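I opened my notebook to look up a few things in this structure. My entries follow in the order I made them.

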Amino acid sequence: MSLLQELQDRSGNQCELCGAKNELSVYEVPPISTGGVDGSLLACATCIEQIEDADKTEANHWRCLNDSMWSEFSPVKVVAWRMLHRVKKDGWSQDLLDMLYLEGEELRFAEATGEHLDESEKVIHRDVNGAILQAGDNVVLIKDLKVKGSSMIAKQGTAVRRISLDPENAKYIEGKVGSQTIVIVTDYVKKMAEKE
């Protein structure tokens, strides 16, 4: 069974956030490297567009979270938590946030993108050229790096896909090189263009 079919079965073939039945697709909740049912949800084009572009967020659209935040599935709760934080200035979402409870692992997942932080509190990760890095981005190593604790050397030009960010240190990101997850200093990476 494909991931799309599993999510359609789980959701009753409707957006797991707003309940829409049209233009549904799989949305992998960042910053994940595994995807799959535990890291994805079925969402409509409207929800996905607003999740991915904060400038397009319409607070009233997200009143639907009043229902979907009670989902038993972690990816749905995580996105609900993030979006409620994004529209917090509208007031009504704070009441929902006060009721929404996430387990420890879910809360770490939800906080991983920094959506809940005020602009002044956010840790900004930048590559060697000053481009802002975000969770889920792809980067290329600009020099050979010795991997601590192993004999492996990550070669210059190696692509590191779907990075995750250290929420406390702007200089550290994590990503997979081969089968190994490593910590990389941002001074040694260049953000890949969308098409690369």
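I sorted the lining of the second largest pocket by residue type: eight nonpolar, two polar and seven charged. For this count, Ala, Val, Leu, Ile, Met, Phe, Trp, Tyr, Cys and Pro are nonpolar, Asp, Glu, Lys and Arg are charged, and the others, Gly among them, are polar. The model is predicted, so I note that local features need pLDDT of at least 70 and side-chain atom pairs pLDDT 80 or more, while totals for chains, interfaces and linings use all residues. Residues are numbered from 1 along each chain as its sequence is written, and side-chain values use heavy atoms, leaving out hydrogens and water.

Next I looked at the pocket itself. A pocket here is an open set of points on a 1 Å grid over the protein atoms alone, where a 1.4 Å probe fits, with protein on both sides within 12 Å along at least five of seven lines; lining residues have an atom within 4 Å of a point. The volume is about 450 Å³, taken as the space filled by probe spheres set on the points, which are joined across faces, edges and corners. I found 17 lining residues, with Pro31, Glu105, Arg108, Phe109 and Ala112 nearest the centre. Which element gives the most to this lining? It is α6, with five residues. α6 (104-111), β9 (164-165) and β10 (172-177) each supply at least two. Helices (H or I, at least four residues) and strands (E, at least two) are DSSP runs, numbered from the N terminus.

I followed β9 and β10 into their sheet. It is open and antiparallel, in the order β9-β10-β11. β9 and β11 (180-185) are the edge strands, each pairing on one side only. Strands pair if DSSP finds at least two bridges between them. β10 and β11 share six bridges; Val177 has Gln180 as its partner in β11.

Then I turned to β2. Is it buried or exposed? Five of its five residues are buried (under 20% relative accessible area, 1.4 Å probe, protein chains only; over 50% is exposed, in between partly exposed). Ser40, Leu42 and Cys44 cover one side, Leu41 and Ala43 the other. β2 pairs with β1 in the antiparallel sense over five bridges. Ser25 has Ala43 as its bridge partner.

Last, I checked α1 (residues 3-11). Its buried residues are Leu7, Arg10 and Ser11. Just after α1, Gly12 takes a positive phi of about 70°.
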